[in-house]
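Trainee: Can we go through this one together? I'd like to start with the helices.

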Amino acid sequence: MSVVLEVSNIRKSFGGINAVNGVSFDVQEGEILGLIGPNGCGKSTLFNCILGQLTPSAGEVKVDGKVVTGMRPSDLNGLGVSRTFQLLQVFPKLSVRENLILAGQEHQGNMLSRLIGPSDAGLTEAANQMIGFFKLDHLANEPAGGLSYGQQKLLDAAMAFMGGPRLVLLDEPAGGVNLTMLADLKDRLAAINREKRATFVVIEHNMEFVMSLCTRVMVMAEGKVLAVGRPDEIRANPAVIEAYLGH
Amino acid sequence: MTAAKYLKIGFGIVVIAALIIVPMNFNRYGLFILSQWAVMTIAAMGLNLTLGYAGQVSLAQGAFVGIGAYTAAIMTSNGLPLIGALGVAIVLCFAIGWILGYPALRVQHHYLAFVTLAFSTLAFLVFRNEDWLTKGIYGISNIPRPELFGYPTRRPLPFYYVCLGSLGIVSLAVWWLIRSPWGRAFIALRENPVRALSLGIDTRRYTLMAFAIGSALGGVAGTLYAPLTQYVDPVPFHLSLSLDLLMMVIVGGSGFFFGPFLGAMIAVLLPEWLRFTQGYYLMLYAIAVILLLIYSPTGILGILDRFISERRTKAASAQRAVAKAKLEVTP
């Protein structure tokens, strides 16, 4: 097993606030790492620093051993790193299928072939498979904006997988999703992890979801790593109970 | 679904046939106005690509029409063929449009509007002050109309067909572009650049391309404008042309393929139809545009789009109701 993501001593401050204050961790290939912690502890800021949406004030990020600190998100995506955002980020006017084709098209050919080649970039089949995989079949031609919140959330996650990524960072995939759909989502994520050997880092507040899906959990508090361990270890950790889980 | 498709194709054929046949009886002036519509539609299609699809505000499209027009005027009055001028205008406007796209990588919306407005003014000053090249305020007259496959197009009807044919070719090219992955990337750029970037879409490159291609189409329109009017001076390429083109895109329906056709029709033909009101036509025109934008900020095609999606929603909920009723019947 190799290390896919290596984060060392990342810091990010906004004015006088240290949102992320020296965070280091590794993610092994095929692992699902859960990232939990109270609101405002720096989870999303950490994601943004890893993924190039923000430039960290200090520290280093490596993907497959290559330094990618401050790299543009589109270039990072080209290296097989994909993400979802905390707030819904689908393209409401495009159909579900078009959203998925868009999510994968930049991984097909080059600028020229995307101009003169087929309009679906050869992705209709792959998009249909993804639609089937996430059980969105009956909605394939609907504009994404017309879907329910939970369905859009599924689509949002599905889009992150269209480019066949090695590493996916999911920011609260379960937020606002009802229980039935949540079970589906967990099941789908686990299946992709198993079948495609994709590596995940998941920010989530739903403990049941995190503890059952993740192989390892990292807890953050006030911009720092509070604890890392197996789900059962984290549940039993007194510091974590104190800071986040409660009694 | 197929019936609707046949209806669409049938309607398209009728419109194209009408555009070819009906003007045969038009007088000189009617043909001039219709040719102007075709030329302005091309320029507005370019702006629709930059603004409507890619979401980048530009108040410089008129300047690119000017660059195209002066390129054609200077080259053809020196005996060079119009098709050569077309090539030069496309390359020139593409390159300048690309450079003008750089500010869009840093600023957006009204800030970007100001940058492009400054460029528009700069281009106007060059047209007016660089006498050695543009003959300044005196302008360039006696611009020849081209020969096409040995046929002269000096007379209004043949030249109208040149404009219409060019509009046809540009329409096909733009249709292809917006259906391609590029078109999808442009829309992504407009709707949500942050998400687009995280999906590997090189927003920087696509922004520059949107500017460059849109500007090149402005150049194409200019190349036709010069032989159409056969006289080019700086006045028509003042900021007001850019604003007119902006209005065409918005009134027709920004981000809709057929928006510029409608918008240019309204901007070019409506003032002619309202001419009988004499001094009041500009006022009536302004009121009509204001009312339209209050009622439908997404333009004329926005009204149609809303109507269609409302019907679709109704049909879908009716279907759901039927499915639910069936479920309740079966135990």
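Mentor: What follows covers some helices and a chain contact. This is a predicted model, in which local features need pLDDT of at least 70, side-chain atom pairs count only at pLDDT 80 or more, and totals for chains, interfaces and linings use all residues. Residues are numbered from 1 along each chain as its sequence is written, with chains lettered from A and ligands numbered from 1 in the order in which they are written.

Trainee: What span should the 27 residues of α10 of chain B have?
Mentor: Helix α10(B), residues 203–229, should span 39 Å at 1.5 Å a residue, and its end C-alpha atoms are 39 Å apart, which agrees. The expected span is 1.5 Å times one less than the number of residues.

Trainee: How many of its residues are buried?
Mentor: 22 of the 27 are buried, so α10(B) is largely enclosed by the rest of the structure. Buried means 20 or more other C-beta atoms within 10 Å of the residue's own, with C-beta atoms placed from the backbone.

Trainee: What comes just after α10(B)?
Mentor: B:Q230, with a positive phi of about 60°.

Trainee: Switching topic, how do α11(B) and α12(B) cross?
Mentor: The axes of α11(B) (residues 239–252) and α12(B) (residues 259–273) come within 7 Å and cross at roughly 120°.

Methods. Helix = DSSP H or I, 4+ residues; strand = E, 2+ residues; numbered from the N terminus. Buried ≥ 20, exposed ≤ 12 C-beta atoms within 10 Å, placed from the backbone. Axes fitted to C-alpha atoms, helices over the stretch in contact; angles between N-to-C directions.
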